[in-house]
Amino acid sequence: MEKKRQNEKQSNIVSFIPTGDYYYKKSIQAMNSGQMNKAYKYLQRAIDLSPDDPMIILQLAIIELEGQRFEEAYDLLRRAYQLDPENPEIIFYMAEVSGCVGIMQDAKNFAERYLQLEPEGAYADEAAEILEFVAFEQDDFEELEGSGEDLYRQEQARRCMEKGDFPEAIQILEDLIEDRPAFWSAYNNLALAYFYVGEEEQAKALLHTVLRENKGNLHALCNLTVIAYYEKNEEDLQELLNVLVKIQPYTWEHRYKLGATLALIGQYELAFKWLRSMQKRGYVGDAGFYFWLSHAAYFSGHKEISKSAWGQLLELDPEKEGFEPWRQQENEFALDALEHNRDFIVEMLESNYTSERIFGLFLLKDTAHKQEIIAHPKWINTEQLGAFEKLFLAYALGHEFDMKNKIEASFLRAVHVPEILLAQYGKLSSLVVPMFQMWFVLCEQALEQNYRFTNPAAIAGANDYLFKSSQMLKVTKKEIAQQYGIAVSTLTKYIDEILMFLPNGQDEQV
């Protein structure tokens, strides 16, 4: 009898193994109660368990779409469509997301197909609106090369480049070009990818191929111009500029590309002409458009337009605060000082010595060339930066340090030393550069030994005194102490302290 009861108990035990459908239902319950974060997590779990269920994938795509994460939504919807290409709801959302990512022909095709399948369907009105939108905007969109599949692969490559995965982007674009030998925009993007990995000659060869086969290709001309500018090839740059100034682009895309390129190389009046013409005709741009419009406007004398454009930029990208084109001209430093000399800063950043690289990163914070230097593919390689270099880069980019963290607090005191020195001298001239170089040698050694930098003013004075003494200049401790607002005894103390960090013969290890 006891054995029978045990068997009955065992037969009533139900093994619970969650399925994708289980988490999908949980996500619907979460959405109905307004818990969107939970719904999102449940759907991700549902897809893990049921990766081939198109309706689960569709639901996650809708959440991504509502959150304006269009690229993620597009990836998911393509996946759902491949699994169920006849589902009207998936077809409608393919129309919507295609419009959001700018593939207008696909948006039109999918909307028309949905209305053919379900002319009175739940999304019929929305599908009709998509068709009206495409018809209204068609004059503002250049006829794109390639099918939706081609454009999707190119978009994949672009996202890889944004993440710094250039080898993957190169592979995608090379495969795309092999399949579509006349897909010129893919050649242009591949050239940029090669440029970003340091293959300048390969990049230029691709762009010249485009110009041979597709004469007058504006993107290829602009990309060659940017490469010539970064390489400081004045002869090629002037030849290309002579061509660009004669071009009269019509489409938004071409006006934007030409205007941004001209602004980058300092041809602000011409850049303003094209970017402003777009704005006057009602163009609603992305953050990059307003960035270049603001710079072009400011440096061509249209300061109110510049400030208005910058305000629109900050609404789209608040992190750009501090990059204003007028910011460097409104401070006390002269633009001819070395802290505003792009070539000098780049020379420091590309040095074999860590101390000079952190010197360059220090100067990056307030230089007039900050955006240009950060945007360059080779001047700052974050993956190769050491610990101290990452701290200085964070400082240059305006990172908020935690004073409760001992390491960060010590670093902030350390970086305050050259700030004090720069304030004392007014600007970075060639005469005082060796003093700053000496400081960053000392600073690197002191950071390695966890020095606390407790009195930045006294340390700055000590560095100044040691430098002048080494140059056999007439200087007294009393003069330096008065200059930095400290006692002579305090100055002496810190001279002794930082002398410990001066390498023998000033030989620095990379």
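## Close-up views of a predicted model

Figure 1. The largest cavity has a volume of about 30 Å³. Which helix gives the most to the lining of the largest cavity? That is α16, with 3 residues. By residue type, the lining divides into 7 nonpolar, 1 polar and 1 charged.

**Figure 2. The second largest pocket.** Now we turn to an opening with a volume of about 300 Å³, the second largest pocket. Its lining has 10 residues, and G99, C100, G102, M104 and F133 are the closest to its centre. Helices α6 (88–100) and α8 (124–137) each bring at least two residues to the lining. The biggest share comes from α6, with 4 residues. Sorted by type, the lining residues of this pocket are 7 nonpolar, 2 polar and 1 charged.

Figure 3. Find helix α24, which runs over residues 433–448, and you will find Q445 in it. Is Q445 buried or exposed? Q445 counts as buried, because its relative accessibility is 16% and the cut-off for buried is under 20%. Leaving aside residues up to four places away in sequence, Q445 touches F501 and P503. Have a look at I498 too: 53 residues separate Q445 from I498 in sequence, while their C-alpha atoms are 9.5 Å apart in space.

Figure 4. How many disulfides does the structure hold? The number is 0. C160 has a relative accessible area of 10%, so C160 is buried. C443 counts as buried as well, because its relative accessibility is 0%.

**Figure 5. Confidence along the chain.** For the protein, the mean pLDDT is 82, and 90% of the residues reach 70 or more. Please read two stretches with care. Over residues 139–144, pLDDT stays under 50, and the model has 10 contacts there beyond four places in sequence. Residues 505–510 also keep a pLDDT under 50, with 12 contacts beyond four places in sequence.

Notes:
Residues numbered from 1 in each chain as written. Predicted model: local features only at pLDDT ≥ 70, side-chain atom pairs only at ≥ 80, totals over all residues. Heavy atoms only, no water. Buried < 20%, exposed > 50% of the residue type's maximum accessible area, 1.4 Å probe, protein only. Contact = heavy atoms within 4.5 Å. 1 Å grid on protein atoms, 1.4 Å probe; cavity = no way out; pocket = protein on both sides within 12 Å on 5 of 7 lines; lining within 4 Å. Points joined across faces, edges and corners; volume = space filled by probe spheres on them. Nonpolar A, V, L, I, M, F, W, Y, C, P; charged D, E, K, R; others polar. pLDDT = per-residue confidence, 0-100. Disulfide = S-S within 2.5 Å.
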